[in-house]
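Student: I would like to learn how to read a structure feature by feature. Could we work through one together?

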Amino acid sequence: MTNVRTATDPIVILGKRGVHDQAVRKAMLEVDRAHFAPPEDALLAPEDLPISVSEGHSLIAPGALAVLLEALSIVSGSKVLIVGAGTGYVAAVAARIAADV
């Protein structure tokens, strides 16, 4: 049995985006984006693309979120304020890294 990684595999997505921070990678793997997507779009959750959630609003692509979180250099003791949390996806991932979100 071979372990073939596909373009929708989170490890492949994070690698292509150049994300190396282990805390960010771990947090991204722990949060299932499908729980934050509209039910009719849940199958798109693994894709590295934004998902429309309402008129003019979208669920951020996982690769883009990982790059953003890595750039913020959040550490385990950090306090993070997320304004305009929308679906809660960003807050859920950040909460896996920071002490307070």
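Student: In which sense do strand 1 and strand 2 pair, and over how many bridges?

Tutor: Keep in mind that this is a predicted model. To call two strands paired, look for at least two bridges between them. Here strand 1 (residues 51–54) and strand 2 (residues 57–59) run antiparallel, with three bridges. One of the partners to look at is His57 in strand 2, which is bridged to Ser54.

Student: Which residue in the hairpin of strand 1 and strand 2 takes a positive phi?

Tutor: Gly56, at a phi near 80°, in a hairpin with two residues between the strands. A positive phi also turns up at Ser73, at about 55°, although Ser73 is not a glycine. Ser73 is in the loop between helix 3 and helix 4. With a relative accessibility of 51%, Ser73 counts as exposed, because the cut-off for that class is over 50%.

Student: Which residues of helix 2 are buried?

Tutor: Buried means under 20% relative accessible area. In helix 2 (residues 22–30) that class holds Val24, Arg25, Ala27 and Met28. Their arc around the axis is only 165°, so they sit on the same side of helix 2. Gln22 and Lys26, on the other side of helix 2, are exposed.

Student: What covers the buried residues of helix 2?

Tutor: The cover includes helix 1 (10–16), helix 3 (62–72) and helix 4 (89–95). Take Met28 as a case: leaving out residues up to four places away in sequence, Met28 touches Leu14, Pro62, Leu65, Ala66, Tyr89 and Val93.

Student: Which residues touch the most other members of the largest nonpolar core?

Tutor: A core is read as a set of buried nonpolar residues joined through side-chain atoms. The largest one has 20 residues, and Val24, Met28, Leu69, Tyr89 and Val93 touch the most other members. At least two residues of this core come from each of helix 2, helix 3 and helix 4. Helix 4 gives the most, with four residues.

Student: What is found at the start of helix 2?

Tutor: There, look at side-chain to backbone distances. A side-chain oxygen of Asp21 comes within 2.9 Å of the backbone nitrogen of Ala23.

Student: Is Val75 buried or exposed?

Tutor: Val75 is exposed, at a relative accessible area of 52%. Val75 belongs to the loop between helix 3 and helix 4. Not counting residues up to four places away in sequence, Val75 touches Ile97 and Ala98. Between Val75 and Ile60, the separation is 15 residues in sequence and 21 Å in space, C-alpha to C-alpha.

Methods: Residues are numbered from 1 along each chain as its sequence is written. This is a predicted model: local features need pLDDT of at least 70, side-chain atom pairs count only at pLDDT 80 or more; totals for chains, interfaces and linings use all residues. Side-chain values use heavy atoms; hydrogens and water are left out. Buried means under 20% relative accessible area, exposed over 50%, partly exposed in between (1.4 Å probe, protein chains only). The arc is that of the directions from the helix axis to the C-beta atoms. Contact means heavy atoms within 4.5 Å. A polar contact is a pair of N or O atoms within 3.5 Å; within protein, one must be able to donate a hydrogen and the other to accept it, and residues adjacent in sequence count only if both atoms are side-chain atoms. A nonpolar core is a set of buried Ala, Val, Leu, Ile, Met, Phe, Trp, Tyr and Cys residues joined through side-chain atoms within 4.5 Å.
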